[in-house]
Amino acid sequence: MRKEITRLGRRQFLRWASSAGAVAGAAPFILAHPPGSLTGHSGTEPARQSNHGSEVVPATAGDTGSGVIRLNANENPYGPSPAARRAIEQAITESNRYPIAEEVELIGVLAKKHDLSRDQVLPGCGSTELLRVAVAALASPGRLILAEPTYEDPIWYSRAFDIKAVKVPLDDQGAHDLPAMERAAEKDASLVYVCNPNNPTGVLADGKKLEAFVRRASKRATVLVDEAYHDYITDPRYASMVPLVAEGLPVVVTRTFSKIYGMAGLRLGYALSDKKTIERMAEHITFSGANMLAIHAGLASLGDRAFVKHCRKENGRAREDLQHALTERGYPVFQSQTNFVMFKLGSDVRELIADLKEEGIRIGRPFPPLTDHCRISLGTPEQMERFVEAFDRWRRAAAA
Ligand SMILES: Cc1ncc(COP(=O)(O)O)c(C=O)c1O
């Protein structure tokens with residue numbers, strides 16, 4: 001058996017995968033785990049927080065059975081799609097195999113979808129993995145520039161390296177302060193992270209302004225634009241930064257199958273960038289981090305337009321209803337373009353989190369410094385109704 005295993009570097013694999021000869025047939029090798037991929041932990045700071053003790057509810061306490069309502073992790077309550085479910089069932093029998101040819105197929109499909117070449121696509125174990133490898137490959141030496149608050153993963157991953165993170169406060173609309181970020185990027189920036197729309201506020205960066213910012217900032221550093229919530233956006237002022245990748249600028253765009261495709265538990269995401277940047281990132285990626293079931297489900301999901309349409313419609317309705325309910329009750333709400341809504345509670349959100357937990361409703365964690373704000377992920381109409389009722393009870397009790 002051993003003789004059959006030819007060890008190739010990840011870079012070589014990508015070259016092979018992107019070449020004309022790479023078709024969706026069986027590849028004659030498995031990949032070597034890239035050497036030295038996770039070096040540099042300082043030992044003084046925690047690395048990426050594990051799920052132990054986190055606010056994320058373990059699967060054993062999911063909605064089914066215990067009746068817990070999970071409005072805390074921006075998951076899609078309708079997923080995975082019917083087509084993905086069927087694909088998973090069929091792929092179970094292939095789970096004894098490494099998903100080499102499947103990854104090649106996925107790369108090809110994603111390259112076509114985004115009008116890029118195969119060597120500009122890097123799949124991984126959720127887009128989180130791509131954030132980690134982007135930090136590992138691109139942020140050192142230098143400084144990581146990002147908003148505060150924003151999605152925490154790049155900061156968590158930067159702690160394993162000698163990287164100074166520069167946090168730039170959001171503006172009062174909950175949007176990235178792009179001029180301030182540009183000023184921050186003037187000195188020793190290596191990686192600039194823009195989460196668009198931003199998690200936890202849900203607010204979009206204006207497309208034209210973001211494009212101008214990325215064009216200028218990418219002269220100094222790689223710009224990483226996290227488009228996890230891309231498919232939920234309805235505002236015409238939005239612009240994806242994928243066209244700048246097509247132009248060959250040092251820009252990385254990450255996307256995920258966890259949100260609109262409802263595959264958070266399957267773990268599949270990908271990065272798009274220029275060939276050289278993808279190669280640098282690939283040095284740090286986990287071998288076959290995108291697993292057999294996830295790839296089959298992902299490929300099926302891409303073809304299930306009816307499911308995407310349904311989720312977008314339901315999410316839009318829930319978003320509008322919740323924003324309306326909160327505004328009606330006098331709470332300032334950030335204008336979300338995602339599958340979650342953040343509002344100003346006006347008191348320490350930890351109390352609300354704890355009290356709603358007693359009622360079996362999980363809501364978003366605190367996002368310093370906005371600890372008097374509350375983030376609610378959007379669920380089904382019934383779940384949203386349960387939240388609003390419980391919130392009203394809590395308000396009455398707090399006022400008594
Ligand atoms: C902005 C952002 N990026 C990335 C992720 C992680 O996505 P994935 O499940 O693909 O790792 C999340 C998850 O909530 C997110 O909010």
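Guide: A definition comes before the tour. Ala, Val, Leu, Ile, Met, Phe, Trp, Tyr, Cys and Pro count as nonpolar; Asp, Glu, Lys and Arg count as charged; the others, Gly among them, count as polar. With that scheme, the shell around the ligand holds 4 nonpolar, 8 polar and 1 charged residues. Note that the model is predicted.

Stay with the ligand for a moment. In total, 13 residues surround the ligand, and the closest are G126, S127, T128, T256 and S258. Helix α5, residues 126-138, gives the largest share of this shell, with 3 residues.

Now the setting. The protein chain has 14 helices and 13 strands. Of its 400 residues, 46% count as buried. Take the contacts between residues at least 6 apart in sequence: 75% of them join residues at least 24 apart.

The sheet comes next. It is open and has 7 strands, in the order β4-β10-β9-β8-β7-β5-β6. The pairing is mixed. β4 and β6 (164-169) stand at the edges, and each has a single partner strand, so one side of each has no neighbour in the sheet. On average, neighbouring strands are turned by 20° against each other, direction ignored.

Strands of a sheet pair through backbone hydrogen bonds, either parallel or antiparallel. Strand β4, residues 121-124, runs antiparallel to β10, and 4 bridges join them. Here V121 stands opposite L272. Strand β9, residues 251-256, is also antiparallel to β10 and is joined to it by 4 bridges. In that pair, V253 stands opposite L272. T256 has G269 as its bridge partner in β10. T256 also leads back to the ligand, as one of the closest residues to it.

α5 lies across β4, β5 (143-148), β7 (189-195), β8 (222-226), β9 and β10. It runs at about 40° to β10. Helix α10, residues 275-282, lies across β4, β8, β9 and β10. Its angle to β4 is about 25°.

Two other places complete the tour. One is a helix pair. Two packed helices are described by the angle between their axes and the distance between the axes. Helix α3, residues 82-91, and helix α11, residues 292-302, have axes that come within 8 Å and cross at roughly 145°. The crossing of α3 past α11 is right-handed. From α3, the meeting residues are A83, A84, R86, A87, I88 and A91. From α11, they are M292, L293, H296, A297, L299, A300 and S301. By class, the residues of this contact divide into 10 nonpolar, 2 polar and 1 charged.

The other is R70, found in strand β3, residues 69-71. R70 counts as buried because it has 20 C-beta neighbours inside 10 Å. R70 and G364 are 294 residues apart in sequence, yet their C-alpha atoms are 9.2 Å apart in space.

Technical notes
Residues numbered from 1 in each chain as written. Predicted model: local features only at pLDDT ≥ 70, side-chain atom pairs only at ≥ 80, totals over all residues. Near = placed C-beta within 6 Å. Helix = DSSP H or I, 4+ residues; strand = E, 2+ residues; numbered from the N terminus. Buried ≥ 20, exposed ≤ 12 C-beta atoms within 10 Å, placed from the backbone. Contact = placed C-beta atoms within 7 Å. Pairing = 2+ DSSP bridges. Axes fitted to C-alpha atoms, helices over the stretch in contact; angles between N-to-C directions. Left-handed = near helix turned anticlockwise from the far one by under 90°.
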